Amino acid sequence: MNVPANRNRTFEELRRIDESGNEYWSARELFPVLEYSRWEKFRPLVEKAKIACETAGAKASDHFHLEVKMIDLAKGAKREIEDFRLSRYACYLIVQNGDSSKPVIALGQTYFAIQTRRQELTDDAAFNALSEEDRRLFLRREMREHNKTLVETAKRAGVRTDLDYAIFQNHGYKGLYGGLDAKAIHSRKGLKKNQKILDHMGSTELAANLFRATQAEEKIRRENIDGKARANAAHYEVGKKVRETIKELGGTLPEDLPCPPKGIPQIERERRTLGAKENFELEWIPKSKKSK
């Protein structure tokens, strides 16, 4: 089976829902979108992804469901072909093991990474129970930790000085924010000089930036990128791919998301004050009442 007419379909358009309400992707529909000309060239990549799945401790059969289909040929003839029902995780492993020099593979890596992370958060009952402020606090902490890893990875690639890193970060922002750098984003949000833009993002915007940071770090490390110019270009490319994925999912672009009324530092101060007040009140409860 050669290239069908769905080459230009998006990953979101290819997503299907089975009779039980579970999402899946057809490998036969996916391979031409990933710019593989023939099934025979794509099939080894599926096997490679299955091995990666097993190595990660998951059952390949849970994510790669083999199917046999009948297709119509000329003059009423029919032929059996194989296909796979792929889970989101299976698609993620396929694009992670694909040819990253293809722009569509890079886009697929970002799309399925975002989808996988979004589902993890959706499935996480604890995260779902959080208020918007608590989600922001959680994601901001995650952002701080992942930025430390990104700094180290960028440094190994040749991004050494504070100025180098500021330029490197701006490339990521420009990709994600449609050409806006940190200064332009700061201005768009109407922030004061000493206010950090990451402290004045809602949970959705923070999540997009977290994906940008984690995927940029992974790309630089995976591809052994060396040199400031190449690291900057990689960061811009990842930011742009995250932006394209947001568009594909029908989401709001980050520069159009509202700025929350409270910054992260203010929320943290309020939490510390509340905690101190609760501890103070507890200390003044008579011991006889405490023991009850």
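Predicted model: local features only at pLDDT ≥ 70, side-chain atom pairs only at ≥ 80, totals over all residues.

Residues are numbered from 1 along each chain as its sequence is written, and side-chain values use heavy atoms, leaving out hydrogens and water.

**Exercise 1.** Describe how helix H11 crosses helix H12.

Step 1: Find H11 at residues 203–222 and H12 at residues 228–248. Helices are DSSP runs (H or I, at least four residues), numbered from the N terminus.

Step 2: Their axes come within 9 Å and cross at roughly 135 degrees. Axes are lines fitted to C-alpha atoms, for helices over the stretch in contact, with angles from 0 to 180 degrees between N-to-C directions.

Step 3: This angle makes H11 oblique to H12. Angles under 35 degrees count as roughly parallel, over 145 as roughly antiparallel, 65 to 115 as roughly perpendicular and the rest as oblique.

Step 4: Now see who meets whom: residues of H11 including Ala-208, Arg-212 and Lys-219 meet residues of H12, among them Ala-234, Glu-237 and Val-242. Contact means heavy atoms within 4.5 Å.

Step 5: Sorted by class, the contact of H11 with H12 has eight nonpolar, three polar and three charged residues. Ala, Val, Leu, Ile, Met, Phe, Trp, Tyr, Cys and Pro count as nonpolar, Asp, Glu, Lys and Arg as charged, and the others, Gly among them, as polar.

**Exercise 2.** Repeat the analysis for helix H9 and H11.

Step 1: H9 spans residues 162–176, and its axis comes within 11 Å of that of H11, crossing at roughly 120 degrees.

Step 2: H9 and H11 are therefore oblique to each other.

Step 3: On the H9 side, Phe-168, Gln-169, Gly-172, Tyr-173 and Leu-176 make the contact, and on the H11 side Ala-208, Asn-209, Arg-212 and Ile-220.

**Exercise 3.** Where is Gln-195 found?

Step 1: Gln-195 sits in the loop between helix H10 (182–188) and H11.

Step 2: With 25% relative accessibility, Gln-195 is partly exposed (buried means under 20% relative accessible area, exposed over 50%, partly exposed in between, with a 1.4 Å probe and protein chains only).

Step 3: Beyond neighbours within four places in sequence, Gln-195 contacts His-186 and His-200.

**Exercise 4.** How many disulfides does the structure hold?

Step 1: The count is zero, a disulfide being a pair of cysteine sulfur atoms within 2.5 Å.

Step 2: Cys-53 is buried at 0% relative accessible area, whereas Cys-259 is partly exposed at 33%.

Conventions. Helix = DSSP H or I, 4+ residues; strand = E, 2+ residues; numbered from the N terminus.
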